[in-house]
Amino acid sequence: AVFVEQGVRWTWSELDAQVDALAAGLHGLGLRTGDRVGIWSPNRYEWLLTQFATARLGVVLVTINPAYRVVEVEYVLNKVGCKALVTANSHKTSDYVGMLQTLAPELAKCAPGALSAAKLPDLKTVIHMSNETVPGMLCFDDVVADGHDVEVDLDAISAALAPDDAINIQFTSGTTGAPKGATLTHTNIVNNGRFVVAAQHFTEHDRLCIPVPLYHCFGMVM
């Protein structure tokens, strides 16, 4: 896995270790199979780790358009009942942290992981992708680091999952009305990637550049 902008280059084993640490960290925060976790971010390595870590736990990843504004992200988080949200701090003109603080002013005084917001009743945990201290939010790197100290049998959790279990919810653009969520299973995502790269005759000697957003179908499954 390579993210040039962030200077990240991992082997498969290094990626695997990072995924397991994040999965353990998320489990330590109380996230369990079937819970929904939103991700609101441009393409970053944290996005990739979150995708695989949630799948490891059977947690449903809700991919949120990084161009969404306050009203849209409020709708999506509440529509599917996201218990946690992983977010970038900002991207271009989008101040994600600022928008969340507008939606949930309770963040200013709550303990991280213990949010109780009037407008976002299901959301309990917000994890941000920077080393800055943000009131009411957890730092992504700290969740990964804490995962090394969490005792959990990830293999047993993954073994209890089924190929037809829901693992991802993607929303339409909402150009003809409110965004509509489409639910994908493990099989949906794996087969999508498998058959597309097979049609392209990809082998282990090839490299695939993903310039499109990870939040929608082509980006995340390839």
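In the predicted model described here, the side chain of Thr50 reaches the backbone oxygen of Glu46 at 2.7 Å, a polar contact being a pair of N or O atoms within 3.5 Å in which, within protein, one atom must be able to donate a hydrogen and the other to accept it, and in which residues adjacent in sequence count only if both atoms are side-chain atoms. Because the model is predicted, local features need pLDDT of at least 70 and side-chain atom pairs count only at pLDDT 80 or more, whereas totals for chains, interfaces and linings use all residues. Residues are numbered from 1 along each chain as its sequence is written, and side-chain values use heavy atoms, with hydrogens and water left out.

Thr50 has its place in helix 2, where helices (H or I, at least four residues) and strands (E, at least two) are DSSP runs numbered from the N terminus. At 1% relative accessibility Thr50 counts as buried, a term that means under 20% relative accessible area, with exposed meaning over 50% and partly exposed in between (1.4 Å probe, protein chains only). Not counting residues up to four places away in sequence, Thr50 touches Leu22, Ile39, Leu61, Val86 and Phe140, contact meaning heavy atoms within 4.5 Å.

Two packed helices are described by the angle between their axes and the distance between the axes. The axes of helix 1 (residues 12-28) and helix 2 (residues 45-57) come within 8 Å and cross at roughly 60 degrees; these axes are lines fitted to C-alpha atoms, for helices over the stretch in contact, and angles run from 0 to 180 degrees between N-to-C directions. The residues that make the contact include Leu22 of helix 1 and Thr50 of helix 2.

Leu61, one of the residues touched by Thr50, stands opposite Asn168 in strand 8. Strand 4 (residues 60-64) and strand 8 pair in the parallel sense over 3 bridges, two strands being paired if DSSP finds at least two bridges between them. On strand 9 (residues 181-185), with which strand 8 pairs in the antiparallel sense over 5 bridges, Leu184 is the residue opposite Asn168. Of the 6 residues of strand 8 (residues 166-171), 5 are buried, so this strand is largely enclosed by the rest of the structure.

In the loop between strand 5 (84-87) and helix 4 (96-103) lies Lys92, which has a phi near 55 degrees, a positive value in a residue other than glycine, and which is exposed, with a relative accessible area of 77%.
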